[in-house]
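The tour goes stop by stop.

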Amino acid sequence: MTLWQPARAALWQGRNDLAEADNALRVFQTLQHRTVFEPEAEGIALLGFACDEGVKRNHGRPGAQKGPDVLRSALANMASHRGHDRLVDLGNIHAQPDALEAAQDALSDAVKQCQQAGMRTLVFGGGHETAFGHGRGVLDAWPDARIAIINIDAHLDLRRAAQATSGTPFRQLALHCEQQGREFNYTCIGVNPAANTQALLDEAARLNVSIIWDTDCQRPEQTAAATQIAALLAWADKIYLTIDLDALPGWQMPAVSAPAGLGIPLDRLLTLLEPLCRSPKLQAVDLVEFNPEFDRDSLGAKVAARLAWQIVHQWSDADNHG
(Lines give C-alpha, C1' and ligand atoms only; values in the text may rest on other atoms or scores of the structure.)
Protein backbone atom coordinates (compact mmCIF):
# COMPACT_ATOMS: atom_id res chain seq x y z
CA MET A 1 0.00 0.00 0.00
CA THR A 2 1.47 3.34 -1.00
CA LEU A 3 2.15 5.86 1.79
CA TRP A 4 1.89 3.05 4.38
CA GLN A 5 4.70 2.13 6.76
CA PRO A 6 4.73 -0.18 9.78
CA ALA A 7 5.06 1.55 13.13
CA ARG A 8 8.42 1.18 14.83
CA ALA A 9 8.37 -1.74 17.25
CA ALA A 10 10.56 0.32 19.61
CA LEU A 11 7.58 2.57 20.36
CA TRP A 12 5.99 -0.28 22.29
CA GLN A 13 8.00 -0.56 25.49
CA GLY A 14 7.49 0.02 29.19
CA ARG A 15 7.90 -1.37 32.68
CA ASN A 16 8.05 -5.14 33.09
CA ASP A 17 6.19 -6.34 36.21
CA LEU A 18 5.94 -10.04 35.31
CA ALA A 19 8.12 -10.97 38.29
CA GLU A 20 5.17 -9.85 40.44
CA ALA A 21 2.46 -11.94 38.73
CA ASP A 22 1.75 -13.46 35.32
CA ASN A 23 -1.13 -11.04 34.79
CA ALA A 24 0.83 -7.91 35.75
CA LEU A 25 0.75 -6.89 32.12
CA ARG A 26 0.99 -3.62 30.23
CA VAL A 27 -0.25 -2.75 26.77
CA PHE A 28 3.19 -3.07 25.15
CA GLN A 29 3.24 -6.73 26.26
CA THR A 30 -0.18 -7.69 24.88
CA LEU A 31 -0.58 -5.54 21.75
CA GLN A 32 0.06 -7.31 18.46
CA HIS A 33 2.50 -5.46 16.19
CA ARG A 34 2.48 -6.13 12.46
CA THR A 35 5.14 -5.33 9.86
CA VAL A 36 2.82 -5.93 6.90
CA PHE A 37 -0.62 -4.49 6.25
CA GLU A 38 -2.88 -7.51 6.44
CA PRO A 39 -6.24 -6.88 8.15
CA GLU A 40 -7.47 -9.74 10.29
CA ALA A 41 -10.88 -11.29 10.87
CA GLU A 42 -11.37 -9.71 14.30
CA GLY A 43 -9.84 -7.28 16.74
CA ILE A 44 -9.21 -3.55 16.76
CA ALA A 45 -6.93 -2.18 14.05
CA LEU A 46 -4.76 0.65 15.35
CA LEU A 47 -3.80 2.94 12.48
CA GLY A 48 -1.88 6.19 12.50
CA PHE A 49 -2.50 9.09 10.13
CA ALA A 50 0.77 11.03 10.23
CA CYS A 51 -0.48 14.23 8.67
CA ASP A 52 -0.95 17.89 9.40
CA GLU A 53 -1.29 19.14 5.82
CA GLY A 54 -4.91 19.98 6.56
CA VAL A 55 -3.93 21.96 9.65
CA LYS A 56 -1.41 23.94 7.61
CA ARG A 57 -4.02 24.69 4.94
CA ASN A 58 -6.39 25.81 7.71
CA HIS A 59 -3.73 28.17 9.11
CA GLY A 60 -3.30 26.18 12.32
CA ARG A 61 -0.20 25.22 14.28
CA PRO A 62 1.62 22.35 12.53
CA GLY A 63 3.07 19.36 14.34
CA ALA A 64 0.19 16.88 14.49
CA GLN A 65 1.93 14.52 12.06
CA LYS A 66 4.07 13.41 15.02
CA GLY A 67 0.99 12.56 17.07
CA PRO A 68 0.43 8.89 16.20
CA ASP A 69 3.80 7.64 17.38
CA VAL A 70 3.85 9.77 20.54
CA LEU A 71 0.40 8.45 21.45
CA ARG A 72 1.59 4.89 20.89
CA SER A 73 4.45 5.47 23.35
CA ALA A 74 2.09 7.00 25.91
CA LEU A 75 -0.34 4.09 25.63
CA ALA A 76 2.37 1.42 25.71
CA ASN A 77 3.10 1.55 29.45
CA MET A 78 -0.53 1.57 30.59
CA ALA A 79 -1.93 -1.54 32.25
CA SER A 80 -3.34 -4.16 29.91
CA HIS A 81 -6.68 -5.40 31.17
CA ARG A 82 -9.09 -7.75 29.43
CA GLY A 83 -9.54 -6.67 25.84
CA HIS A 84 -6.40 -4.66 25.28
CA ASP A 85 -4.85 -7.73 23.68
CA ARG A 86 -7.33 -7.24 20.81
CA LEU A 87 -5.32 -4.21 19.65
CA VAL A 88 -3.38 -4.86 16.45
CA ASP A 89 -0.95 -2.16 15.34
CA LEU A 90 -1.27 -1.95 11.55
CA GLY A 91 1.07 0.99 11.06
CA ASN A 92 0.82 4.54 9.70
CA ILE A 93 -0.31 6.35 6.61
CA HIS A 94 2.26 9.10 5.98
CA ALA A 95 1.08 12.18 4.11
CA GLN A 96 3.53 13.72 1.70
CA PRO A 97 3.89 17.54 1.52
CA ASP A 98 1.02 19.14 -0.39
CA ALA A 99 -0.55 15.72 -1.03
CA LEU A 100 -3.34 15.57 1.54
CA GLU A 101 -5.89 14.09 -0.83
CA ALA A 102 -3.70 11.10 -1.69
CA ALA A 103 -3.14 10.42 2.01
CA GLN A 104 -6.87 10.61 2.72
CA ASP A 105 -7.48 8.15 -0.13
CA ALA A 106 -4.91 5.77 1.36
CA LEU A 107 -6.48 6.03 4.81
CA SER A 108 -9.98 5.42 3.42
CA ASP A 109 -8.74 2.33 1.59
CA ALA A 110 -6.97 0.97 4.69
CA VAL A 111 -10.02 1.56 6.88
CA LYS A 112 -12.38 -0.02 4.36
CA GLN A 113 -10.17 -3.12 4.15
CA CYS A 114 -10.02 -3.43 7.94
CA GLN A 115 -13.76 -2.93 8.39
CA GLN A 116 -14.71 -5.41 5.69
CA ALA A 117 -12.30 -7.99 7.08
CA GLY A 118 -14.09 -7.84 10.44
CA MET A 119 -11.99 -5.38 12.43
CA ARG A 120 -13.00 -2.17 14.11
CA THR A 121 -10.69 0.78 13.56
CA LEU A 122 -8.95 3.09 16.03
CA VAL A 123 -7.07 5.88 14.27
CA PHE A 124 -4.56 8.25 15.86
CA GLY A 125 -4.28 11.52 13.90
CA GLY A 126 -3.07 13.79 12.53
CA GLY A 127 -5.24 16.84 12.13
CA HIS A 128 -9.00 16.63 11.80
CA GLU A 129 -8.55 16.05 8.08
CA THR A 130 -8.20 12.47 9.40
CA ALA A 131 -11.99 12.36 9.74
CA PHE A 132 -12.71 12.53 6.03
CA GLY A 133 -10.41 9.59 5.29
CA HIS A 134 -11.60 7.55 8.25
CA GLY A 135 -15.29 8.39 7.92
CA ARG A 136 -15.36 7.75 4.17
CA GLY A 137 -13.72 4.36 4.72
CA VAL A 138 -16.44 3.42 7.20
CA LEU A 139 -19.23 4.66 4.92
CA ASP A 140 -17.81 2.75 1.95
CA ALA A 141 -17.36 -0.43 3.98
CA TRP A 142 -21.02 -0.39 5.06
CA PRO A 143 -22.96 1.02 2.08
CA ASP A 144 -26.36 -0.16 3.29
CA ALA A 145 -25.99 0.76 6.97
CA ARG A 146 -27.45 3.71 8.83
CA ILE A 147 -24.28 5.36 10.12
CA ALA A 148 -24.28 8.04 12.80
CA ILE A 149 -21.28 10.37 12.81
CA ILE A 150 -20.53 11.76 16.28
CA ASN A 151 -17.89 14.45 16.59
CA ILE A 152 -16.61 15.61 19.98
CA ASP A 153 -15.28 19.02 19.00
CA ALA A 154 -15.25 22.72 19.73
CA HIS A 155 -15.57 23.32 15.98
CA LEU A 156 -18.16 22.17 13.46
CA ASP A 157 -15.54 21.69 10.69
CA LEU A 158 -18.06 22.38 7.94
CA ARG A 159 -16.02 25.03 6.14
CA ARG A 160 -16.39 25.74 2.46
CA ALA A 161 -12.94 25.83 0.90
CA ALA A 162 -11.29 25.39 -2.49
CA GLN A 163 -9.38 22.37 -1.17
CA ALA A 164 -9.57 19.97 1.75
CA THR A 165 -8.35 21.24 5.14
CA SER A 166 -8.72 20.26 8.79
CA GLY A 167 -11.80 22.50 8.79
CA THR A 168 -13.70 20.79 5.95
CA PRO A 169 -14.02 17.05 6.76
CA PHE A 170 -17.68 16.93 7.70
CA ARG A 171 -18.81 19.00 4.75
CA GLN A 172 -16.82 16.56 2.61
CA LEU A 173 -18.54 13.62 4.31
CA ALA A 174 -21.91 15.31 3.71
CA LEU A 175 -21.09 15.58 0.01
CA HIS A 176 -19.95 11.94 -0.03
CA CYS A 177 -23.25 10.84 1.53
CA GLU A 178 -25.15 12.93 -1.02
CA GLN A 179 -23.26 11.23 -3.84
CA GLN A 180 -24.16 7.84 -2.36
CA GLY A 181 -27.80 8.82 -1.92
CA ARG A 182 -27.70 8.15 1.82
CA GLU A 183 -28.54 10.13 4.93
CA PHE A 184 -25.87 12.37 6.46
CA ASN A 185 -26.43 12.02 10.20
CA TYR A 186 -23.96 14.27 12.02
CA THR A 187 -23.91 15.29 15.68
CA CYS A 188 -21.28 17.65 17.08
CA ILE A 189 -20.90 17.70 20.87
CA GLY A 190 -18.96 20.39 22.74
CA VAL A 191 -19.33 23.15 20.16
CA ASN A 192 -17.92 26.52 21.18
CA PRO A 193 -20.30 29.19 19.83
CA ALA A 194 -17.54 31.79 20.01
CA ALA A 195 -15.33 29.72 17.67
CA ASN A 196 -17.91 29.13 14.91
CA THR A 197 -19.11 31.90 12.61
CA GLN A 198 -22.73 32.41 11.67
CA ALA A 199 -21.89 31.04 8.23
CA LEU A 200 -20.86 27.73 9.83
CA LEU A 201 -24.00 27.66 11.96
CA ASP A 202 -26.08 28.31 8.84
CA GLU A 203 -24.34 25.42 7.06
CA ALA A 204 -25.03 23.20 10.05
CA ALA A 205 -28.71 24.13 9.92
CA ARG A 206 -28.84 23.42 6.18
CA LEU A 207 -27.38 19.95 6.76
CA ASN A 208 -29.62 19.24 9.79
CA VAL A 209 -26.63 18.88 12.09
CA SER A 210 -27.40 18.26 15.77
CA ILE A 211 -25.37 20.63 17.97
CA ILE A 212 -24.67 20.29 21.69
CA TRP A 213 -22.89 23.39 23.04
CA ASP A 214 -19.85 23.25 25.31
CA THR A 215 -21.82 25.11 27.98
CA ASP A 216 -24.30 22.20 28.04
CA CYS A 217 -21.58 19.62 28.79
CA GLN A 218 -20.17 20.84 32.07
CA ARG A 219 -22.17 19.00 34.75
CA PRO A 220 -23.83 15.60 35.10
CA GLU A 221 -27.29 17.14 35.41
CA GLN A 222 -26.95 18.60 31.89
CA THR A 223 -28.48 15.76 29.89
CA ALA A 224 -28.70 17.06 26.30
CA ALA A 225 -25.58 15.20 25.11
CA ALA A 226 -26.50 11.95 26.87
CA THR A 227 -30.04 12.11 25.47
CA GLN A 228 -28.74 12.67 21.94
CA ILE A 229 -26.27 9.80 22.25
CA ALA A 230 -29.05 7.49 23.45
CA ALA A 231 -31.21 8.50 20.47
CA LEU A 232 -28.36 7.79 18.04
CA LEU A 233 -27.69 4.40 19.62
CA ALA A 234 -31.35 3.55 19.02
CA TRP A 235 -31.36 4.78 15.41
CA ALA A 236 -27.99 3.75 13.97
CA ASP A 237 -26.72 0.45 12.64
CA LYS A 238 -23.11 1.61 12.99
CA ILE A 239 -21.45 4.56 14.72
CA TYR A 240 -18.31 6.47 13.81
CA LEU A 241 -16.92 8.51 16.72
CA THR A 242 -14.29 11.16 16.11
CA ILE A 243 -12.72 13.06 19.00
CA ASP A 244 -10.95 16.34 18.41
CA LEU A 245 -8.80 16.71 21.49
CA ASP A 246 -9.33 20.48 21.43
CA ALA A 247 -12.79 19.73 22.86
CA LEU A 248 -11.04 19.18 26.21
CA PRO A 249 -10.16 22.20 28.40
CA GLY A 250 -6.84 23.79 27.52
CA TRP A 251 -5.51 23.07 31.01
CA GLN A 252 -6.08 19.35 30.44
CA MET A 253 -5.13 19.32 26.76
CA PRO A 254 -2.60 22.03 25.86
CA ALA A 255 -1.14 20.03 22.96
CA VAL A 256 -3.54 20.97 20.17
CA SER A 257 -3.68 23.53 17.38
CA ALA A 258 -6.42 25.55 19.12
CA PRO A 259 -6.59 25.01 22.93
CA ALA A 260 -10.05 25.48 24.46
CA GLY A 261 -10.88 28.16 27.00
CA LEU A 262 -13.80 26.10 28.34
CA GLY A 263 -14.07 22.61 26.84
CA ILE A 264 -15.53 19.36 28.19
CA PRO A 265 -13.60 18.10 31.26
CA LEU A 266 -12.12 14.63 30.83
CA ASP A 267 -14.18 12.98 33.57
CA ARG A 268 -17.39 14.35 32.06
CA LEU A 269 -16.32 13.24 28.58
CA LEU A 270 -15.54 9.70 29.74
CA THR A 271 -19.00 9.49 31.33
CA LEU A 272 -20.68 10.70 28.13
CA LEU A 273 -18.75 8.26 25.96
CA GLU A 274 -19.31 5.15 28.08
CA PRO A 275 -22.67 4.14 26.52
CA LEU A 276 -21.15 4.55 23.06
CA CYS A 277 -18.05 2.56 23.87
CA ARG A 278 -20.05 -0.27 25.45
CA SER A 279 -22.26 -0.55 22.37
CA PRO A 280 -21.47 -3.15 19.70
CA LYS A 281 -22.66 -0.53 17.19
CA LEU A 282 -19.48 1.52 17.68
CA GLN A 283 -17.49 0.66 14.58
CA ALA A 284 -14.73 3.25 14.42
CA VAL A 285 -13.02 5.83 16.64
CA ASP A 286 -10.30 8.38 16.07
CA LEU A 287 -8.42 10.85 18.25
CA VAL A 288 -7.18 13.84 16.30
CA GLU A 289 -5.34 17.16 16.55
CA PHE A 290 -2.83 15.97 19.17
CA ASN A 291 0.28 18.10 18.63
CA PRO A 292 3.37 17.03 20.61
CA GLU A 293 5.12 20.28 19.70
CA PHE A 294 2.95 22.10 22.24
CA ASP A 295 2.73 19.51 25.00
CA ARG A 296 3.78 20.27 28.58
CA ASP A 297 5.36 17.50 30.68
CA SER A 298 3.68 14.99 28.35
CA LEU A 299 0.35 15.93 29.95
CA GLY A 300 -1.52 16.02 26.66
CA ALA A 301 -0.12 12.65 25.59
CA LYS A 302 -1.13 11.09 28.91
CA VAL A 303 -4.65 12.51 28.72
CA ALA A 304 -5.14 11.35 25.12
CA ALA A 305 -3.71 7.91 25.87
CA ARG A 306 -5.98 7.58 28.93
CA LEU A 307 -8.94 8.37 26.69
CA ALA A 308 -7.82 5.78 24.12
CA TRP A 309 -7.21 3.22 26.90
CA GLN A 310 -10.73 3.66 28.26
CA ILE A 311 -12.34 3.41 24.83
CA VAL A 312 -10.53 0.16 24.01
CA HIS A 313 -11.31 -1.31 27.43
CA GLN A 314 -15.04 -0.61 27.17
CA TRP A 315 -15.16 -1.44 23.46
CA SER A 316 -13.79 -4.90 24.15
CA ASP A 317 -16.30 -5.38 26.96
CA ALA A 318 -19.06 -4.73 24.41
CA ASP A 319 -17.78 -7.64 22.32
CA ASN A 320 -17.38 -9.92 25.31
CA HIS A 321 -20.90 -9.24 26.59
CA GLY A 322 -22.72 -8.25 23.41
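What follows is a list of selections, with a note on each.

This is a predicted model, where local features need pLDDT of at least 70, side-chain atom pairs count only at pLDDT 80 or more, and totals for chains, interfaces and linings use all residues. Residues are numbered from 1 along each chain as its sequence is written, and side-chain values use heavy atoms, with hydrogens and water left out.

**Stop 1**

Select Asn58, His155, Asp157, Ser166 and Ala258. Of the 19 residues lining the largest pocket, these are the closest to its centre. The volume of this pocket is about 270 Å³. A pocket here is an open set of points on a 1 Å grid over the protein atoms alone, where a 1.4 Å probe fits, with protein on both sides within 12 Å along at least five of seven lines; lining residues have an atom within 4 Å of a point. The volume is the space filled by probe spheres set on the points. Colour the lining by class: 6 residues are nonpolar, 8 polar and 5 charged. Asp, Glu, Lys and Arg count as charged; Gly is among the polar ones.

**Stop 2: Glu289**

Select Glu289, in the loop between β10 (282-288) and α10 (299-321). Helices (H or I, at least four residues) and strands (E, at least two) are DSSP runs, numbered from the N terminus. Is Glu289 buried or exposed? Glu289 is buried, at 6% relative accessible area; buried means under 20%, exposed over 50%, partly exposed in between, with a 1.4 Å probe and protein chains only. Beyond its neighbours within four places in sequence, Glu289 has contacts that include Gly126, Ser166 and Asp244. Contact means heavy atoms within 4.5 Å. Asp244 is 45 residues away along the chain, yet the two C-alpha atoms are separated by 6.0 Å.

**Stop 3**

Most residues other than glycine have a negative phi, and most peptide bonds are trans. Go to Gly125 and Gly126: a cis peptide bond joins them, with omega about 20°. Gly126 sits in the loop between β5 (120-125) and α5. Next, His59, in the loop between α2 (53-57) and α3 (67-76). His59 has a positive phi of about 65° and is exposed, with a relative accessible area of 74%. Then Asp98, in the loop between β4 (87-94) and α4. Its phi is also positive, about 60°. Asp98 is exposed, at 69% relative accessible area.
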